[in-house]
Amino acid sequence: MQPIFLTGFMGAGKTTVGQIIAEQLQAEFIDTDEEIEKQEKREIRTIFETEGEAYFRSVEAAVLRSVTKPATVLSTGGGIVLKEANRRWMLENGLWVFLECSLEEIERRLEDDLKRPLLKGNARERIQTLYKERLALYRQASWIVQADQGSPKEIASSVIDRIQNAV
Ligand code: S3P
């Protein structure tokens, strides 16, 4: 099985859905944010605060490459699509899936989220700006799966169905 890269905006459900897909396909689950924290021995929030976003993005790109291997479901950070080289990597080295959620749904899910460094300040405005900047990038994915409605299990099933129908 080729690696599956799950992408989408913060709050799209990449981790929850990814864990279910991995379990059902008996694949390994990897979360790039978690790998970054392990490697850096500090939280993402701290990396952003002390080193800045550019540093975080370079570690993220390296981690994406180092964890890509067969029989893996990878949940990626929402900004992974920003680097053109990451988008190419996902297209050329596995199956790149975009879990698409509407802006309204993302806003609802991220309400009260204080942990994500990019939402500091005026969160609603930040979400809208980032969403608009990124949507066209996410849509370059191999597959787009609607993730607005349905339980994580149902969304995972629609990804799995597509994988199985594609073989
Ligand atoms: C980011 C999303 C976060 C994390 C970091 C930056 C982004 O991951 O990688 O805070 O740029 O959208 P999640 O999408 O898992 O929240």
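Phe9, Phe98, Cys101, Ile106, Tyr131, Leu135 and Tyr138 line the largest cavity. A cavity here is a set of points, on a 1 Å grid over the protein atoms alone, where a 1.4 Å probe fits but cannot get out, and lining residues have an atom within 4 Å of a point. This is a predicted model, so local features need pLDDT of at least 70 and side-chain atom pairs count only at pLDDT 80 or more, while totals for chains, interfaces and linings use all residues. Residues are numbered from 1 along each chain as its sequence is written, and side-chain values use heavy atoms, with hydrogens and water left out.

Back to that cavity: its volume is about 40 Å³, where a volume is the space filled by probe spheres set on the points, and grid points are joined across faces, edges and corners. The count comes to one cavity of 30 Å³ or more. By class, its lining has seven nonpolar residues, no polar ones and no charged ones. For these classes, Ala, Val, Leu, Ile, Met, Phe, Trp, Tyr, Cys and Pro count as nonpolar, Asp, Glu, Lys and Arg as charged, and the others, Gly among them, as polar. Helix 7 (residues 123-138) gives the most to this lining, with three residues. Helices (H or I, at least four residues) and strands (E, at least two) are DSSP runs, numbered from the N terminus.

Now look at strand 4 (residues 95-100), which pairs with strand 5 in the parallel sense over four bridges. Val97 stands opposite Trp143 in strand 5. Strand 1 (residues 4-7) also pairs with strand 4 in the parallel sense over four bridges, and there Ile4 has Leu95 as its bridge partner. How many of the six residues of strand 4 are buried? Six of the six are, so strand 4 is largely enclosed by the rest of the structure. (Buried means under 20% relative accessible area, exposed over 50%, and partly exposed in between, with a 1.4 Å probe and protein chains only.) Leu95, Val97 and Leu99 are buried on one side, and Trp96, Phe98 and Glu100 are buried on the other.

In a regular strand the side chains alternate between the two faces of the sheet.

Next, the largest pocket. A pocket is an open set of points with protein on both sides within 12 Å along at least five of seven lines. The space in this one comes to about 570 Å³. Its lining has 30 residues, and Met10, Asp33, Ile44, Gly77 and Arg116 lie nearest its centre. Helix 1 (14-25), helix 2 (32-40), helix 3 (44-51) and helix 4 (53-67) each supply at least two residues of the lining. By class, the pocket lining divides into eight nonpolar, nine polar and 13 charged residues.

Most residues other than glycine have a negative phi. Gln26, in the loop between helix 1 and strand 2, has a positive phi near 50°. Gln26 counts as exposed because its relative accessibility is 73%. Ala71 sits in the loop between helix 4 and strand 3 and has a positive phi of about 55°. With a relative accessible area of 32%, Ala71 is partly exposed.

Met1, in the segment before strand 1, is in contact (heavy atoms within 4.5 Å) with Leu25, Ala27, Pro70, Ala71, Thr72 and Val73, leaving aside its neighbours within four places in sequence. Met1 and Leu25 are 24 residues apart along the chain, and their C-alpha atoms are separated by 9.1 Å. At 44% relative accessibility, Met1 counts as partly exposed.

Key. Pairing = 2+ DSSP bridges.
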